Amino acid sequence: MMSTVAATETTLTKKRHLLDLQDWSAEEILALFDTSDVMAQVMQRTIKKVPALQGFTVGTLFFENSTRTRLSFERAARAQSADVISFAAGGSSMSKGESLKDTLKTIDAMQSDLYVVRHAVAGVPYQLAKWTDAIIVNAGDGRRAHPTQALLDAYTFSREFNGFDGFKGKKLAIIGDVLHSRVARSNMTLWSKLGAEVSLCGPSTVLPKELEFAGVAISDNIFEAVEGAHAVMTLRLQKERMQAGLLPSIAEYQTRYQLSEAVMRLAHPEALIMHPGPINRDVEIAGVLADSERSVIEKQVANGVPVRMAVLYTLLVGKK
Ligand code: CP
């Protein structure tokens with residue numbers, strides 16, 4: 001249930017939920033990045049806490065495993081003095097047969113203003129939005145979307161790329177299992193919306209042709225995909241896909257799709273190396289590159305906190 005104060009204040013915001021970046025305009029996203037800059041300053045202080053969300057309660061509902069997303073949302077909420085209640089499906093009464101709807105009703109009775117939801121099934125955050133009055137933030141649903149990951153990725157690029165002058169004329173190359181990646185989908189949506197070019201690369205069995213549209217190119221040749229790229233993002237090789245016969249052996253994958261120094265030589269000289277995590281070192285990315293100066297993998301994790309602070313603040317308090 002949403003408190004009266006929150007209900008009044010959220011009517012001031014244009015967007016009530018963050019389910020998919022397709023629903024957000026480029027201007028709104030860039031405004032979110034400006035708010036993230038303010039939040040990043042808070043995180044530089046000795047006392048990393050402001051009262052911005054005092055009186056609000058944020059519930060993290062994770063029906064699927066997470067390290068980065070869950071911890072950074074909880075950090076983002078607490079750094080703004082919100083209360084946090086935390087649910088993880090493992091160890092919950094769902095193992096006793098409680099349904100998703102009854103689980104939500106139970107948690108909802110404890111009165112959160114906003115839920116951060118991760119679920120293995122695409123569309124669950126949309127369903128929960130129909131069952132509660134609280135605001136829903138999608139923290140990853142199936143292979144469909146992971147909006148805050150894409151936001152923190154694009155934000156990190158914009159703040160770290162040497163001489164950044166906007167997304168127009170920039171190229172992002174995403175390498176790996178695109179078919180099963182919600183991170184790839186959300187980044188594709190976001191970077192295209194901001195005016196960048198996106199190239200997708202991976203074995204043809206996990207590279208859906210229907211993703212090719214204006215501004216998005218697909219190729220199964222990593223050298224072609226990375227050529228001239230300003231940011232190169234590799235995706236975790238999901239080993240279960242190999243068991244399903246969708247990917248070649250690890251050795252063949254490494255030979256054809258591992259991000260290596262030889263591949264990076266074709267990218268823009270200032271290109272950044274990105275990975276949403278968790279990484280399989282020396283599988284999809286050479287360990288030496290993951291640790292190199294061009295890698296912003298740890299910065300992506302660090303920026304997850306201010307970006308998620310901005311998301312929570314914008315949705316709960318808006319433009320008041
Ligand atoms: N990038 C990402 O979503 O990581 P977690 O699964 O650890 O949250």
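Guide: In this predicted model, Asp-37 and Arg-159 join their side chains in a salt bridge, at 2.7 Å from N to O; the term stands for a side-chain nitrogen of Lys or Arg within 4 Å of a carboxyl oxygen of Asp or Glu. Asp-37 belongs to helix α2 and Arg-159 to helix α6, so the pair ties together parts 122 residues apart in sequence. Helices (H or I, at least four residues) and strands (E, at least two) are DSSP runs, numbered from the N terminus. Asp-37 is partly exposed at 26% relative accessibility, and Arg-159 is partly exposed at 35%. Buried means under 20% relative accessible area, exposed over 50%, and partly exposed in between (1.4 Å probe, protein chains only).

As a predicted model, it is read with pLDDT of at least 70 for local features and 80 or more for side-chain atom pairs, while totals for chains, interfaces and linings use all residues. Residues are numbered from 1 along each chain as its sequence is written, and side-chain values use heavy atoms, leaving out hydrogens and water.

The structure holds nine salt bridges. Another of them pairs Asp-20 with Arg-144 at 2.9 Å, N to O. Asp-20 sits in the loop between α1 (4-10) and α2 (26-42), and Arg-144 in the loop between β4 (135-141) and α6 (147-160), so this pair ties together parts 124 residues apart in sequence. Asp-20 is buried at 8%, whereas Arg-144 is partly exposed at 24%. Both belong to a salt-bridge network that also includes Asp-141.
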